[in-house]
Amino acid sequence: MTIQFKGEELLLCKERAIYWAAKKMLIISDLHIGKAAFFRKQGIPVPLNISQTDLKNLNLLLQTYPTDVLLITGDMFHNYMNQEVEDFRLWRAGYPQLSIQLVKGNHDGLKAIDYQNLNIATFDKELLNAPFRFIHDQPKEADQYYSLTGHIHPGITIFGKARQQLRFPCFYFGKSYAILPAFSQFTGISMVKPQQGDRIFAITPVSVLEV
């Protein structure tokens, strides 16, 4: 679904990404590479192919939309180096010309040299690209930049007939900031409570629709 926002055209993809065509930029949040391996290390049986599925979805997006920049609004990695980060290193080698820019989130705990070796540019607080601010968590104060954030893994409940209800991840666009859905399939969702004037876009298995 394509929307006009702050004078810019943004494509909301059912793969949980935003494509900003004017900048040839693909924007995602909360990829959480290494999360499954982290849980397995704690003795929790988590499937081995979760991160591979996420990387395949990234491949699909990059093959579909001409992309110069992949921008992640935080939590690209889940704490520290592990096998899934090594898998990402192999994936990264297939896109040597792609600029990857990461605004660090609370889980991005790799060392500076690790990001350098993965050819990832990092920003500790935020990245400004008018009219947007890319930041992991919602700013406490609003200014002239509209913030694109992540962190909470937003979701929405859609009610049907006979008390039926379904929960979907969503894109949330509020007055001064938007919240992107978690890109990784290995995340929960946090139900958002829209205020008057907010726009919510549910991500169903087949499409993105405004609710």
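Q: Buried means under 20% relative accessible area, exposed over 50%, and partly exposed in between (1.4 Å probe, protein chains only); which of these is Asn119?
A: This is a predicted model, in which local features need pLDDT of at least 70, side-chain atom pairs count only at pLDDT 80 or more, and totals for chains, interfaces and linings use all residues. Residues are numbered from 1 along each chain as its sequence is written, and side-chain values use heavy atoms, without hydrogens and water. The relative accessibility of Asn119 is 44%, so Asn119 counts as partly exposed.

Q: Where is Asn119, and what is its phi?
A: Asn119 sits in the loop between helix 4 (112-117) and strand 7 (120-123); helices (H or I, at least four residues) and strands (E, at least two) are DSSP runs numbered from the N terminus. Most residues other than glycine have a negative phi. Asn119 has a positive phi, near 60°.

Q: Which relative accessible area does Lys24 have?
A: Lys24 lies in the loop between strand 3 (17-20) and strand 4 (25-28). Lys24 is not a glycine, yet its phi is positive, about 50°. Lys24 is partly exposed, at 39%.

Q: Is the peptide bond from Ala130 to Pro131 cis or trans?
A: Pro131 belongs to the loop between strand 8 (126-129) and strand 9 (132-135). Most peptide bonds are trans. With omega near 10°, the bond from Ala130 to Pro131 is cis.

Q: Which strands stand at the edges of the seven-stranded sheet?
A: The open, mixed sheet runs in the order 1-2-3-4-5-6-7, where two strands pair if DSSP finds at least two bridges between them. Two strands have a single partner strand each, so one side of each is left without a neighbour in the sheet. They are strand 1 (2-5) and strand 7.

Q: Which residue of strand 5 stands opposite Ile27?
A: Strand 4 pairs with strand 5 (residues 69-72) in the parallel sense over four bridges. The residue opposite Ile27 is Leu71.
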